[in-house]
Amino acid sequence: MIIRFDEMDLTVLPGFKGGEKEYRAKMFFDGSNRIMKGLLIPGASIGMHTHEDSSETIFITRGCGITIEDGQTRKVAQGDCLYCPKGHTHSLINDSDSDLEFYAVVPMQ
């Protein structure tokens, strides 16, 4: 299967998971699993949340920011791959002056 994000509608989610500003994404959803191309503008964030029945893998393609994983804060940048296992908590924050772009995969488990 080929997923063509350029052919998808953009979804804008204000305050996603309790975050700041908005999360902009093009999303594929097959009823169980999500694959997304996401963007956080400067100052935007995905709020802290726990993956109760899924995990998440995020690959940063442009920009930088910070992630908070189970209470631990780390800097992230282009080329980093983040993994949040099922049962764990995380957030993604764009604390920079440029856009933070990434791909995310959230498989149900």
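Which backbone oxygen does the side chain of S91 reach? The side chain of S91 reaches that of I46, at 2.6 Å. This is a polar contact, a pair of N or O atoms within 3.5 Å; within protein, one must be able to donate a hydrogen and the other to accept it, and residues adjacent in sequence count only if both atoms are side-chain atoms.

The model is predicted: local features need pLDDT of at least 70, side-chain atom pairs count only at pLDDT 80 or more, and totals for chains, interfaces and linings use all residues. Residues are numbered from 1 along each chain as its sequence is written, and side-chain values use heavy atoms, without hydrogens and water.

S91 sits in strand β9, residues 89-93. Strands are DSSP runs of E, at least two residues, numbered from the N terminus. S91 is buried because its relative accessibility is 4%; buried means under 20% relative accessible area, exposed over 50%, partly exposed in between (1.4 Å probe, protein chains only). Beyond four places in sequence, S91 is in contact (heavy atoms within 4.5 Å) with residues including I46, G47 and I66.

Now to strand β5, residues 56-62, which holds I60. I60 is buried, at 0% relative accessible area. V76 is 16 residues away along the chain, yet the two C-alpha atoms are 7.8 Å apart. V76 is also among the contacts of I60, as are L82 and F102.

Last, the cysteines. The count of disulfides (cysteine sulfur atoms within 2.5 Å) is 0. For C64, the nearest cysteine sulfur is that of C81, 17 Å away. C64 is partly exposed, at 34% relative accessibility. C84 has its nearest cysteine sulfur, that of C81, 12 Å away. C84 is buried, at 4%.

Terms used: Helices (H or I, at least four residues) and strands (E, at least two) are DSSP runs, numbered from the N terminus.
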